[in-house]
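I opened the notebook to record what I looked up in this model. The entries follow in the order in which I made them.

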Number of protein chains: 2
Amino acid sequence: MNDESPTEILNATYRTLCKHGYADLTLQDIAAESEMSKASIHYYYESKNELFVVFLEFLYDRYTTLIDSTDSVCSREHLRSLLRMFLTDEEGRSEKEFRTAMLEMKAQAPYDDEIQTRLVEFDEYLFKRIREIISTGVDAGEFTESVAPERIAEILTTIITGSHTRQVAIDHSVDRLYETITTNVETQLLTSAVAEEAQ
Amino acid sequence: MNDESPTEILNATYRTLCKHGYADLTLQDIAAESEMSKASIHYYYESKNELFVVFLEFLYDRYTTLIDSTDSVCSREHLRSLLRMFLTDEEGRSEKEFRTAMLEMKAQAPYDDEIQTRLVEFDEYLFKRIREIISTGVDAGEFTESVAPERIAEILTTIITGSHTRQVAIDHSVDRLYETITTNVETQLLTSAVAEEAQ
């Protein structure tokens with residue numbers, strides 16, 4: 001790994017990825033997008049693959065920071081803000097372009113162990129964070145004890161992944177999912193509170 | 001479209017796709033897998049892209065037939081058999097290889113309108129079929145009237161898509177989802193019946 005490799009290369013990789021997608025992208029394209037020559041990029045990374053493994057680590061840091069930036073003393077609001085981040089399109093077009101590149105990397109992962117290992121980390125971080133939010137809500141008596149945090153986290157991680165795949169592959173709006181999912185999940189999570197109130 | 005193009009080419013395309021994936025696949029690879037020469041394949045299809053548009057129509061027929069093959073007078077069992085088909089791995093390895101190729105096509109779709117149009121049809125068929133099963137269950141009094149069939153269908157379509165993406169990208173088992181999803185969905189669908197019994 002190249003700890004001292006300039007962030008400039010990684011930022012240029014991000015911009016190039018949104019513009020060109022992953023499949024046809026070359027180190028030359030990244031050089032054209034950055035202020036560095038192809039030779040300088042080669043000094044740090046021997047191949048596109050090597051660069052992308054480091055790039056995914058860089059993205060992972062941004063990803064976990066972003067997830068951790070959603071917070072609230074209220075678990076219901078905390079979960080909502082997380083779902084809002086993943087299931088609405090506040091960033092607009094650039095978000096979709098980035099997800100397109102991510103889907104290309106996901107499709108590449110079965111042929112590339114290093115990329116797959118990195119992608120597993122993204123998935124696990126999201127899963128664990130959701131599980132934690134739900135457990136916290138259960139412990140605080142905000143969510144019903146009858147739900148298994150593991151199960152809800154598994155379902156929500158799958159839904160977030162699926163909504164991004166559908167957004168890229170069939171241009172399906174993610175926005176309409178946010179309301180559907182929050183309503184649906186909250187109905188399950190808040191069941192006992194609602195039931196208690198009704199008693 | 002080449003209505004008279006031999007099914008042999010399409011079957012060979014399927015086998016080649018499972019073996020090589022989509023990205024690096026050539027008409028030459030398909031010829032090697034079939035009993036036809038590359039020239040004969042070229043007689044029917046000018047390019048890999050043209051072949052794949054027809055191939056996706058061929059797959060769509062198989063897909064809809066497969067979905068329609070799940071049936072039961074009981075809506076709960078009907079929904080289960082559909083989810084079992086998509087969320088368990090009875091076919092084993094070949095199913096995963098095929099889904100890997102499908103994910104490559106999904107990642108390609110934003111760059112190819114014809115492929116995207118075909119993929120939309122797959123998604124819509126699944127969505128409508130699930131919505132129909134749930135509506136039938138509601139009409140029959142088997143499922144609670146308080147669920148919106150549209151919403152549950154939207155969620156399940158997204159979950160199925162997401163589980164296949166995770167299976168391919170991070171080698172996440174789909175099997176463990178089947179039980180989680182059916183339990184979760186049935187809890188929602190059967191709520192009123194359960195509630196009535198409890199009264």
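**Across the interface**

I began with a salt bridge (a side-chain nitrogen of Lys or Arg within 4 Å of a carboxyl oxygen of Asp or Glu): Glu154(B) forms one with Arg166(A), and their closest N and O atoms are 3.3 Å apart. The rule finds six salt bridges across the interface of chain A and chain B. I also looked up polar contacts there and found 20 residue pairs, both residues at pLDDT 80 or more. A polar contact is a pair of N or O atoms within 3.5 Å; within protein, one must be able to donate a hydrogen and the other to accept it, and residues adjacent in sequence count only if both atoms are side-chain atoms.

This is a predicted model, where local features need pLDDT of at least 70 and side-chain atom pairs count only at pLDDT 80 or more, while totals for chains, interfaces and linings use all residues. Residues are numbered from 1 along each chain as its sequence is written, chains are lettered from A and ligands numbered from 1 in the order in which they are written, and side-chain values use heavy atoms, with hydrogens and water left out.

**Extent of the interface**

I noted 39 residues of chain A in contact (heavy atoms within 4.5 Å) with 39 residues of chain B. The buried area, which is the accessible area (1.4 Å probe) that two parts lose on being put together, summed over both, is about 3,200 Å² between chain A and chain B, and carbon and sulfur atoms give 61% of it. In chain A, the residues that lose the most area to chain B are Arg151(A), Glu154(A) and Arg166(A), together 18% of what that side buries.

**Helix 8 of chain A on helix 9 of chain B**

Helices are DSSP runs (H or I, at least four residues), numbered from the N terminus. I checked helix 8 (residues 149-170) of chain A against helix 9 (residues 175-189) of chain B: their axes come within 10 Å and cross at roughly 105°. Axes are lines fitted to C-alpha atoms, for helices over the stretch in contact, and angles run from 0 to 180 degrees between N-to-C directions. The two helices are therefore roughly perpendicular (65 to 115 degrees). Among the residues making the contact are Arg151(A) and Glu154(A) of helix 8 of chain A and Arg176(B) and Glu179(B) of helix 9 of chain B.

**Within chain B**

Helix 4 (residues 48-69) of chain B packs with helix 7 (residues 113-139) of chain B at an angle of about 5°, their axes 9 Å apart.

**Chain A overall**

I counted ten helices and zero strands in chain A. Its C-alpha atoms fill a box of roughly 70 × 35 × 30 Å, taken along the principal axes.

Key: Parallel < 35°, antiparallel > 145°, perpendicular 65-115°, else oblique.
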